[in-house]
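Subject: Structure handover

Hi,

Here is the structure I promised to pass on. Please open it alongside this email.

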Amino acid sequence: MDQALLLFLLLSELCWPMLLAHEYHFVAEPMSWSDAQTHCTRHYTDLASVSDMKDLQRLKTAANGLSDAWIGLQSSGKLSDREWHWSQPTVKYNEAETPWITGQPNDGNGFETQNCLMIDTNGLWNDIQCAVEFECFICYNESSNTAIKIHDPSNGRTWIEAQQFCRAKHTDLMSGQDQQKLLKEDSHRCLIGLFRDSWHWSDRSPSTFRNWKSYVNTDTQKCAALGDEGRWESAECGLKMSFICQGALKTKKTLVKINMSSPVDLNPLSQEILEQLQKQLDANNFGHVKLTWKKDKNQCVFKKQISSSSKKQPCA
Ligand SMILES: [Ca+2]
């Protein structure tokens, strides 16, 4: 006899990306960055974007101690796409409040890439290479609303190392003119929290928060991944690794009708058939799909159908 099956598929769907707090989901299956983004937009909202240290903590929790997982940050690698940002993500860069030394920023007169900043003479600014070690940098402490000069001749630090120090001991590297006005002493040749980059979030988040582990190579490594201790590393986008999506998993119901031929009544076997179908979907990475049967008022799943016509008979 032919038997008709009505099957419900509960499929994940995209949801509206505006969320008060990012809900992160770690996906262990290794994929390239672009395949990971496709997976995330299909089943959630997008790859993970990170706005601040609180988001970072949630991201680390979602990864559950695992590292080498894509996040939604990608760079064009083009110098012309660079934009200035403050290390403290709540402080917005204002071009009108930038006391550059005349002729700066200048990328070393075009001979090198200068994406970080030091205070030069008279509190004025000069762009410098991020990999250069400095004896002096300025932290900001939010609880005391003070700018703190750290001068350590025995231990030179790069801009990223200075950022890590300030975030661990205080709030962040000094960010914005209001914080610079808190400085009570000469800070000639000290790093502050301004940087520029060409990184953007795949979900178009305006977040300027960055938490790099070390120097970032955007010549060949244009995608970002969560590394050790919540710090980020750049990598070649084609590498396959786990990834972190954001956004709530949404569901929708889809009704699928299947015709099967069987010499016996399949109703007593309906649960076993459903479990086998579910196993097949799970084994083939079909995503977040949950199968259920549609039953009639007699709890009947299968209905007999005469092959020569479409007329259905009541189930046995
Ligand atoms: Ca310069």
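Below is what I found in it, going from the whole chain to single elements.

Overall picture

Please note that this is a predicted model. The protein chain has five helices and 18 strands. It runs to 316 residues, and 28% of them are buried. Look at the contacts between residues at least 6 apart in sequence: 72% of these join residues at least 24 apart.

The core

The largest nonpolar core holds 51 residues. Within this core, W70, I71, L191, I192 and I244 touch the most other members. Strand 11 supplies the largest share, five residues. Where does this core sit relative to domain 2 and domain 3? Domain 2 covers 20–78 + 199–247, and domain 3 covers 83–197. Both give residues to the core, so it lies between them.

Leaving out residues up to four places away in sequence, I71 touches L47, A48, V50, A224, A225, L226 and I244. I244 is also one of the core residues that touch the most other members.

Helix 3

Helix 3 spans residues 159–169. Its buried residues are W159, I160, A162, Q163 and C166. Seen down the helix axis, they fall within an arc of 155°, so they line one face of helix 3. As background, an α-helix has 3.6 residues a turn, so residues three or four places apart point the same way.

What do the buried residues of helix 3 pack against? Four strands: strand 6 (116–119), strand 8 (136–141), strand 10 (172–173) and strand 11 (190–197). Strand 11 is also the strand that gives the core its largest share. On the face of helix 3 turned away from the buried side, you will find the exposed residues A168 and K169.

Helix 5

Is helix 5 largely buried or in the open? The number of buried residues in helix 5 is zero, so it lies largely in the open.

T61

T61 lies in helix 2, residues 53–63. T61 has 11 C-beta neighbours inside 10 Å, and the cut-off for exposed is 12 or fewer, so T61 counts as exposed. T61 and G230 are 169 residues apart in sequence. In space, their C-alpha atoms are 9.7 Å apart.

Over to you.

Best wishes

Methods
Residues are numbered from 1 along each chain as its sequence is written. This is a predicted model: local features need pLDDT of at least 70, side-chain atom pairs count only at pLDDT 80 or more; totals for chains, interfaces and linings use all residues. A residue is buried if 20 or more other C-beta atoms lie within 10 Å of its own, exposed if 12 or fewer, and partly exposed in between; C-beta atoms are placed from the backbone. Helices (H or I, at least four residues) and strands (E, at least two) are DSSP runs, numbered from the N terminus. The arc is that of the directions from the helix axis to the C-beta atoms. Two residues are in contact if their C-beta atoms, placed from the backbone, lie within 7 Å. A nonpolar core is a set of buried Ala, Val, Leu, Ile, Met, Phe, Trp, Tyr and Cys residues joined through C-beta atoms within 7 Å. Domain bounds come from an automatic or database domain assignment.
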